[in-house]
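Visitor: I have the model open and would like a walk through it. Please start with the pockets.

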Amino acid sequence: MRKEDLRIVFMGTPEFAVGTLKALLDNGYNVVAVVTQPDKPVGRHHDTLQMPEVKRYALEHGIKEEDILQPEKMKDEAFVERLRSYQAHLQVVVAFRMLPEVVWAMPQFGTFNVHAALLPQYRGAAPINWAVINGETKTGVTTFFLDHDIDTGRIIMQKPFDILDDYNVEDVYNGLMELGAETALKTIELILEGDGHVESLPQEQMIAEGTALHNAPKIFKETCEINWNQAARNIYNFVRGLSPYPGAWTTLEDEKGKKTVLKIYHTAKTGKPTQMAAGCISADNGHLFVAADDELLELIEIQLTGKKRMMARDFLNGFRNITNCKLV
């Protein structure tokens with residue numbers, strides 16, 4: 001089959017998915033429909049609707065509004081019938097919700113997902129964050145056919161990506177978005193070359209060969225609270241694994257016991273041992289330090305509740321008696 005004749009339905013919601021949709025459109029693939037989440041109410045009174053990034057990009061690049069489907073429920077009969085009417089040969093999914101069998105089994109050539117990890121290593125909603133938090137030096141993208149369970153289908157292709165020690169989650173996100181788009185295109189080429197048939201590997205085989213498995217659950221506010229009673233390297237990885245969004249946080253307690261939430265976006269390892277209790281603060285010549293279990297960690301960029309993000313040296317200029325404070 002020629003790629004011009006291949007009918008593709010694309011499914012995705014956030015900016016990460018836009019990279020692959022852009023690659024499909026730029027390379028002349030016939031994207032007959034886009035499926036994304038419903039517009040989200042935002043604003044103080046939730047009276048303004050904000051469209052998903054995938055919808056925004058689709059509308060700006062030639063996809064008709066009637067071909068952008070936003071079902072509340074994926075098993076809704078009207079949605080399923082509308083989806084079936086496109087007679088897609090293939091469905092490509094990036095950063096979307098779990099699909100029922102009636103949807104993923106619909107196309108002639110199946111449905112594949114672009115996952116931001118080297119499966120089966122990190123399964124779940126936030127694989128990029130958890131790979132950085134856990135101090136991994138390598139991650140990647142995986143394309144795999146969807147089946148009944150989340151992130152467990154047969155692997156088609158994998159491409160690795162190096163996580164440098166100074167990368168935060170945004171750096172890895174951007175790198176994997178580009179790599180994911182490239183891998184999706186190569187996966188489709190393989191499917192076309194095989195006229196719908198492509199070799200794929202069961203994940204059970206990789207698990208049997210000793211691949212370590214990690215959960216990558218969704219990140220919530222309570223997930224992001226810093227525990228200072230651990231090694232500085234662990235805290236360093238935790239902060240960069242949540243920066244710039246949603247941001248790691250702690251509680252700053254002053255000498256009078258007043259507590260304020262403090263977000264931390266950038267730290268640096270110092271290698272300097274400390275005898276102070278974990279969470280104790282010190283300052284030296286415009287530099288702000290906090291004690292971890294084993295050494296001092298320098299705070300580089302922070303944000304107090306109700307204030308703008310700032311460099312720690314600017315924070316110190318406007319904050320007296322910082323050494324009488326602690327992070328709890």
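**Pockets, strands and rings**

Guide: The largest pocket has 50 lining residues, and nearest its centre lie Pro14, Ala95, Ala125, Tyr173 and Lys218. A pocket is an open set of points on a 1 Å grid over the protein atoms alone, where a 1.4 Å probe fits and protein lies on both sides within 12 Å along at least five of seven lines; lining residues have an atom within 4 Å of a point. The model is predicted: local features need pLDDT of at least 70, side-chain atom pairs need 80 or more, and totals for chains, interfaces and linings use all residues. Residues are numbered from 1 along each chain as its sequence is written, and side-chain values use heavy atoms, with hydrogens and water left out.

Visitor: How much space lies in the largest pocket?

Guide: About 2,000 Å³. The volume is the space filled by probe spheres set on the points, which are joined across faces, edges and corners.

Visitor: Which element gives the most to its lining?

Guide: Helix α6 does, with 4 residues. The elements that give two or more residues to the lining of the largest pocket are α1, β7 (111-115), α5 (127-133), α6 and β13. Helices (H or I, at least four residues) and strands (E, at least two) are DSSP runs numbered from the N terminus.

Visitor: What about the classes of residue in that lining?

Guide: The lining of the largest pocket has 30 nonpolar, 9 polar and 11 charged residues. Asp, Glu, Lys and Arg count as charged, Ala, Val, Leu, Ile, Met, Phe, Trp, Tyr, Cys and Pro as nonpolar, and the others, Gly among them, as polar.

Visitor: And the second largest pocket, what is its volume?

Guide: About 170 Å³. The second largest pocket is lined by 14 residues, and Asp166, Asn168, Arg240, Tyr265 and His266 lie nearest its centre. Two or more lining residues come from each of α8 (232-240) and β13. By class, the lining of the second largest pocket has 5 nonpolar, 4 polar and 5 charged residues.

Visitor: β13 again. Which strand does β12 pair with?

Guide: Strand β12 (residues 248-253) pairs with β13 in the antiparallel sense, over 6 bridges. Two strands pair if DSSP finds at least two bridges between them. The β12-β13 hairpin has 5 residues between the strands, and in it glycine 257 takes a positive phi near 90 degrees.

Visitor: How many bridges join β13 to β16?

Guide: 8, with strand β13 (residues 259-273) and β16 running antiparallel. Isoleucine 264 stands opposite isoleucine 302 in β16, and proline 273 stands opposite glutamate 295 in β16.

Visitor: Is strand β16 largely enclosed or open?

Guide: Largely enclosed by the rest of the structure, because 9 of the 10 residues of β16 (residues 295-304) are buried. Buried means under 20% relative accessible area, exposed over 50%, and partly exposed in between (1.4 Å probe, protein chains only).

Visitor: What else pairs with β16?

Guide: Strand β15 (residues 287-291) is joined to β16 by 4 bridges and runs antiparallel to it. Alanine 291 stands opposite leucine 296, and the β15-β16 hairpin has 3 residues between the strands. β16 also pairs with strand β17 (residues 310-311), antiparallel over 2 bridges, and here isoleucine 302 faces methionine 310. The hairpin of β16 and β17 has 5 residues between the strands, and glycine 306 in the turn has a positive phi of about 85 degrees.

Visitor: New topic, rings. How many aromatic pairs are there?

Guide: The count is 2 aromatic pairs. In one of them, phenylalanine 16 and tyrosine 173 have ring centres 5.2 Å apart and planes at 70 degrees, so the pair is edge-to-face. The rule takes rings of Phe, Tyr and Trp (its six-membered ring) with centres within 6.5 Å; planes under 30 degrees apart count as stacked, over 60 as edge-to-face and the rest as tilted.

Visitor: Where do those two residues sit?

Guide: Phenylalanine 16 is in helix α1 (residues 15-26) and tyrosine 173 is in helix α6 (residues 169-193), 157 residues apart, so the pair links distant parts of the chain. Phenylalanine 16 counts as buried because its relative accessibility is 7%. Tyrosine 173, at 22%, counts as partly exposed.

Visitor: Which charges sit over rings?

Guide: Lysine 269 has its charged end over the ring of tyrosine 236, 3.7 Å from the ring centre. Arginine 309 has its charged end over the ring of tyrosine 265, 3.9 Å from the centre. The rule asks for NZ of Lys or CZ of Arg within 6 Å of the ring centre and within 35 degrees of the ring normal.
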